[in-house]
Amino acid sequence: MDPEFLDAVAIRLDRVYIDNRSFEKVIALYDSPETLFYLDPPYWTPGERFYQHDFSEADHRRLREVLGDVKGRFVLSYNDCTAIRKLYKGFKIKSTQEVHYSLNNRRDAPRRAREILISN
């Protein structure tokens, strides 16, 4: 790998933190007017299990409550569904191009779907 590229990446990531604790702890710890949070929670999939640690409906609602009070900015990625669009009504919601899901896919062909990006 090109050493100049690695130097550029190191400089760019100098003030970036990647954390794998609960969203409540991470947001409480780092929230400030200068903070940008990127969140990628388990998608809203009632009745289906895709993740080792699924979110309940209460978890999704709690995340919405916490994000409604952040001092900083956030970008949140989700699957595009009516329940999430209703939950985040009033926030900026942008549809992505169609993506191909292959993780945990038990069919021969990857599943295609749209995602949404939500921000404040």
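Visitor: Which residue forms a salt bridge with R62 in which the closest N and O atoms are 2.3 Å apart?

Guide: This is a predicted model, where local features need pLDDT of at least 70, side-chain atom pairs count only at pLDDT 80 or more, and totals for chains, interfaces and linings use all residues. Residues are numbered from 1 along each chain as its sequence is written, and side-chain values use heavy atoms, leaving out hydrogens and water. A salt bridge here is a side-chain nitrogen of Lys or Arg within 4 Å of a carboxyl oxygen of Asp or Glu. At 2.3 Å between the closest N and O atoms, the partner of R62 is E24.

Visitor: How many residues apart in sequence are the parts that this pair ties together?

Guide: Helices are DSSP runs (H or I, at least four residues), numbered from the N terminus. R62 belongs to helix α3 and E24 to helix α2, so the parts tied together are separated in sequence by 38 residues.

Visitor: Is D59 buried or exposed?

Guide: Buried means under 20% relative accessible area, exposed over 50%, and partly exposed in between (1.4 Å probe, protein chains only). R62 is partly exposed at 32%, and E24 is partly exposed at 28%. D59 has a relative accessible area of 16%, so it counts as buried.

Methods: Helices (H or I, at least four residues) and strands (E, at least two) are DSSP runs, numbered from the N terminus.
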